[in-house]
Amino acid sequence: MKKKQVVLVTGASAGIGKDTAKSLIAEGYTVYVVARRVENMKDLEKLGSISLKMDITKEEDVVAVVEQIKKDHGGVDILINNAGFAIQGPVEEMAIEEARRQYDVNVFGLARLTQLVLPYMREKRAGKIINVTSAAGKVYFAMGAWYVSTKHALEGWSDCLRVELKPFNIDVVIIEPGAISTEFNDVSLNPLEEKYGSGPYGEMVKSFVKFSKETESTNNSSPPSVITNVILKAIKSKRPKARYAAGAMAKPIMALRKWGGDNVYDWIIQKMVR
Ligand SMILES: NC(=O)c1ccc[n+]([C@@H]2O[C@H](COP(=O)([O-])OP(=O)(O)OC[C@H]3O[C@@H](n4cnc5c(N)ncnc54)[C@H](OP(=O)(O)O)[C@@H]3O)[C@@H](O)[C@H]2O)c1
């Protein structure tokens with residue numbers, strides 16, 4: 001009997017990661033799920049996954065997860081780098097420590113995990129690495145400097161990795177979600193007004209929060225299943241595309257950025273926070 005493929009999904013305690021994990025379990029993969037809130041993955045355990053606690057910024061956690069999977073199955077066949085979050089706010093007022101934390105989670109944690117799963121894939125000459133970036137890997141908006149720059153970084157990093165790993169038959173695929181209904185907005189928007197609402201960028205911050213919340217509440221966002229579907233498509237494809245954009249606003253806003261050019265894009269995006 002053919003060995004079941006082993007998938008590791010990061011950020012599976014909520015949102016896109018949890019939804020993707022559910023579908024992968026249903027499809028018969030051996031699924032490892034990781035996040036800090038291990039208690040929020042009990043439902044996935046009941047469905048048949050193995051859940052492990054992992055803060056992606058902690059070397060000891062990341063090493064322990066990969067060692068555990070090596071011991072159980074030899075290694076990871078498919079890595080879904082999904083864990084991430086957004087800090088938003090005016091650059092002038094944001095602490096550099098917060099920005100470092102943003103890079104530690106969205107870029108360096110993911111990169112370290114990828115390094116650790118690669119030897120097994122390289123030796124087998126097979127494997128898939130799915131990196132969840134964002135439409136914000138290609139577009140930008142006020143209040144988003146640190147988050148947007150991590151996702152731009154991840155796009156470039158993933159493109160380099162894709163060509164580097166091609167000779168070893170390992171696919172690197174970028175997933176660019178648009179607006180998706182998850183815990184993401186709560187994590188990033190809730191602290192904003194309290195922190196920056198009365199400062200020099202207060203009015204801009206308030207309009208940004210209002211616009212973002214309206215987008216979510218007026219059904220202008222997609223369910224996580226939209227992203228799960230493209231992740232599954234990429235996993236199952238023998239020749240996956242380099243990148244898949246999906247979810248509310250992803251394709252239109254990326255097209256606006258690409259074809260409108262800097263001035264048109266800046267004008268439209270500034271109206272959003274006026
Ligand atoms: N929702 C959107 O509109 C949207 C749009 C574009 C891109 N994305 C991207 O999609 C990915 C998933 O986001 P989501 O929308 O599903 O958000 P979510 O519901 O907030 O889930 C984020 C996940 O990341 C995990 N995570 C955060 N910090 C972590 C850390 N230090 N160590 C380990 N895990 C950590 C969280 O787990 P714990 O808190 O339990 O650790 C959680 O499981 C992110 O990379 C995000 O940037 C989302």
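The paragraphs that follow go through aromatic pairs and then turn to their surroundings.

This is a predicted model, and the count of aromatic pairs in it comes to four. One of them joins Tyr103 and Trp146, whose ring centres are 6.4 Å apart and whose planes meet at 80°, so the pair is edge-to-face, given that planes over 60 degrees apart are classed in this way. Tyr103 belongs to helix α4, residues 96–124, while Trp146 belongs to helix α5, residues 145–165, and the pair therefore ties together parts that are 43 residues apart in sequence. Trp146 itself is partly exposed, since its relative accessible area is 22%.

Another pair is formed by Tyr140 and Tyr265, and here too the arrangement is edge-to-face, with 4.5 Å from centre to centre and 65° between the planes. This pair links distant parts of the chain, because Tyr140 sits in the loop between β5 (127–132) and α5, whereas Tyr265 sits in helix α9, residues 250–272, and the two are 125 residues apart. Are these two tyrosines buried or exposed? Tyr140 counts as partly exposed, at 23% relative accessibility, whereas Tyr265, at 0%, counts as buried, the limit for a buried residue being under 20%.

The ring of Tyr265 has a further neighbour, for Arg257 lies over its face, at 6.0 Å from the ring centre. Helix α9 also holds Trp267, and Trp267, together with Val264 and Ile268, makes a nonpolar surface patch of about 280 Å².

Note on methods
Residues are numbered from 1 along each chain as its sequence is written. This is a predicted model: local features need pLDDT of at least 70, side-chain atom pairs count only at pLDDT 80 or more; totals for chains, interfaces and linings use all residues. Side-chain values use heavy atoms; hydrogens and water are left out. Rings of Phe, Tyr and Trp (its six-membered ring) pair if their centres lie within 6.5 Å; planes under 30 degrees apart count as stacked, over 60 as edge-to-face and the rest as tilted. Helices (H or I, at least four residues) and strands (E, at least two) are DSSP runs, numbered from the N terminus. Buried means under 20% relative accessible area, exposed over 50%, partly exposed in between (1.4 Å probe, protein chains only). A charge sits over a ring if NZ of Lys or CZ of Arg is within 6 Å of the ring centre and within 35 degrees of the ring normal. Patches are made of residues with over 30% relative accessible area and no salt bridge: like charges are joined within 9 Å, nonpolar side chains (Val, Leu, Ile, Met, Phe, Trp, Tyr) within 5 Å. Accessible areas come from the Shrake-Rupley method with a 1.4 Å probe; for residues, only the protein chains shown count as cover. A salt bridge is a side-chain nitrogen of Lys or Arg within 4 Å of a carboxyl oxygen of Asp or Glu.
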